[in-house]
Amino acid sequence: MATISLIDELQKPIPFSGHDIPEDDLLRACVHCGMCLPSCPTYRETGDEASSPRGRLWLMSAVSDGKLSLLDEDFGEQMYQCLNCRACEAVCPSGVQYGPLVEASRSQLEQHRQRPLWQRVLRNTVMSWPFDDVRRMRAGAMVLRLYQRSGMSSFLRKTGILRIIGLENLERMVPDIEEAPLTPGTETWTPQNVIGHAHVFNGCVMSSVFGDVNRATGRVLAHNGYATDVPVGQGCCGAIYSHTGMLDKARVLARENIDAFERAGEGTIVVNAAGCGSALKEYPHLLKDDPVYAERAKAFASRVFDVNELLDKQPLVPMSSPMAATITLQEPCHLVHAQRISAQPRSLLKQVPGLTLIEMHESSLCCGSAGIYNITRPQMADALGDRKAKNAIATGAEAVVTSNPGCHMQLRTSLIRNGSEQPVEHIVSILDVAYGGSAANSWAIDDYAAKPSDPSRPQSGI
Ligand code: SF4
Ligand code: SF4
């Protein structure tokens, strides 16, 4: 008898336990209508119900109800096959908050599932090192910039050495680092007539690889009346950890950022990376059980604006440099779905004199970047990247505009793989050039400024 009950006990499904358990009332909100299925990129690619939002919510509910083990292989596979793109959330009539559910489910997996040793080492060293202290990432970007400028990069590409050592695809994702990384506290931008104060959220990849875009953000904000600075003490937003089930590490970074922007004083917190903006706006949920930071997280989040959102609050100050060019818009998931910002970038682009926006088919379908998804799940990421590239190419536009570093790099790689030389630009780089911004920072778009649009002319390469 005792043996039978021991076997029963051992066969019992392993439940959610510990911290960050997917909330039951959030799970129960799903009425299984299936309206989210067509918007889900993994469902669109596989046609498999298990790879859909509804399928994944069934799996989470089954674990929550004790019908499925947390360590079930399909559960683990589906929680990480999901891109956390939030497209399902944006169309759900029941208001299911899918993002917090999948992030909690991943946290459960990380608490209870033993990863192989090499993965644990990788996650806690190589992956964490540059995000825990962004100065390290900026130092790495300086080295990378030197590597690109010394000619070493093109030598290794041409000789095929990068391909032989398996780094060709990874290297291709990194854009040319045009300017030195932007260090907080070193630069400010002052308008002629001040209408408000803006503190730039510098980010990790944005400050390191896209320092030119962060500076362009400062200039464009100043053109539009915002006295702008980059507060010291800020770091990575923590999205990398929220998306990979390491919520405690995300909380450490969230607290540091709240401290830094409180010290910076009053003013709007402006973000030009959709993924970071979404993460910053969700600090109240991340820190809801923190007695010291819960209320402060709400005050912090109320100050956060995506740059598209802030600039579109009023008509832009007129731009002096017409850009006779055609562009198309790729909507980052964490801008359009998580923050529901879609009309604002279009409105801003339409105010650029001479610029023509050509809408892209499936502009809001995930490009496959999704944090480190394109590294951990290259097959699905490539399929989605190819789909996005084909849609971008079909527009015939001269450049693709977006506003998230992950999308930027994924689009660039996917376009090259599909034989296109369309450059990828951040929206503030376009606005900056239209305001006559520094030519040095506009590595492709300056070719288009004030020139007649000619779809047959060779594109400037990236
Ligand atoms: S998540 Fe929303 S849209 Fe999808 S099945 Fe559930 S209720 Fe329907
Ligand atoms: S977050 Fe995106 S990939 Fe994940 S289930 Fe929702 S729509 Fe599908």
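What is the handedness of the crossing in which H4 passes H5? The crossing of H4 and H5 is left-handed, a term used when the near helix is turned anticlockwise from the far one by less than a right angle, with right-handed meaning clockwise.

This is a predicted model, in which local features need pLDDT of at least 70 and side-chain atom pairs count only at pLDDT 80 or more, while totals for chains, interfaces and linings use all residues. Residues are numbered from 1 along each chain as its sequence is written, and chains are lettered from A and ligands numbered from 1 in the order in which they are written.

**Helix packing**

Two packed helices are described by the angle between their axes and the distance between the axes. Helices (H or I, at least four residues) and strands (E, at least two) are DSSP runs, numbered from the N terminus. Axes are lines fitted to C-alpha atoms, for helices over the stretch in contact, and angles run from 0 to 180 degrees between N-to-C directions.

| Helix pair | Angle between axes | Distance between axes |
|---|---|---|
| H4 and H5 | about 135 degrees | 10 Å |
| H15 and H27 | about 55 degrees | 9 Å |
| H23 and H27 | roughly 20 degrees | within 10 Å |

Helix H5 spans residues 73-81, and its axis makes an angle of about 135 degrees with that of H4. That angle makes H4 oblique to H5; angles under 35 degrees count as roughly parallel, over 145 as roughly antiparallel, 65 to 115 as roughly perpendicular and the rest as oblique. On the H4 side the contact is made by Gly-55, Arg-56, Leu-59 and Val-63, and on the H5 side by Asp-74, Phe-75 and Gln-78. Two residues are in contact if their C-beta atoms, placed from the backbone, lie within 7 Å. By class, the contact of H4 with H5 has three nonpolar, two polar and two charged residues. Here Ala, Val, Leu, Ile, Met, Phe, Trp, Tyr, Cys and Pro count as nonpolar, Asp, Glu, Lys and Arg as charged, and the others, Gly among them, as polar.

Helix H27 (residues 427-434) packs with helix H15 (residues 211-223) at about 55 degrees, which makes H15 oblique to H27. Their crossing is left-handed. H15 contributes Val-213, Ala-216, Thr-217, Arg-219 and Val-220 to this contact, and H27 contributes Val-428, Ser-429, Leu-431 and Asp-432. Five of these residues are nonpolar, two polar and two charged.

H27 also packs with helix H23 (residues 343-350), their axes crossing at roughly 20 degrees. This makes H23 roughly parallel to H27, and the crossing is left-handed. Pro-345, Leu-348 and Leu-349 of H23 meet Ile-427, Ile-430 and Leu-431 of H27. This contact has six nonpolar residues, with no polar and no charged ones.

**The two sheets**

Strands of a sheet pair through backbone hydrogen bonds, either parallel or antiparallel. In this model, two strands pair if DSSP finds at least two bridges between them.

One open sheet has five strands in the order E1-E3-E2-E4-E5, with mixed pairing. Strand E1 (188-189) and strand E5 (304-306) stand at its edges with a single partner strand each, so one side of each lacks a neighbour in the sheet. E1 pairs with strand E3 (residues 226-229) in the antiparallel sense over two bridges, and Trp-189 stands opposite Thr-228 in E3. H15 packs on this sheet, touching E1, strand E2 (196-200), E3 and strand E4 (268-271), and its direction makes about 160 degrees with that of E3. E2 and E3 run parallel and are joined by four bridges; His-199 has Asp-229 in E3 as its bridge partner. E2 and E4 also run parallel, joined by three bridges, and Val-200 is partnered by Val-270 in E4.

The other open sheet has four strands in the order E7-E6-E8-E9, and its pairing is parallel. Its edges are strand E7 (355-357) and strand E9 (424-426), each with a single partner strand. The twist averages 40 degrees from one strand to the next. Strand E6 (residues 325-329) and E7 are joined by three bridges, and Ile-327 has Leu-357 in E7 as its bridge partner.

**Ligand surroundings**

A residue is near a molecule if its C-beta atom, placed from the backbone, lies within 6 Å of it. Around ligand 1 there are 14 residues, of which Cys-30, Cys-33, Cys-36, Cys-92 and Ser-94 come nearest. H4 gives the most to this shell, with three residues.

Ligand 2 also has 14 residues around it, and Cys-40, Pro-53, Cys-82, Cys-85 and Cys-88 come nearest. Helix H3 (41-46), helix H4 (53-64) and helix H6 (87-91) each give two or more residues to the shell around ligand 2.
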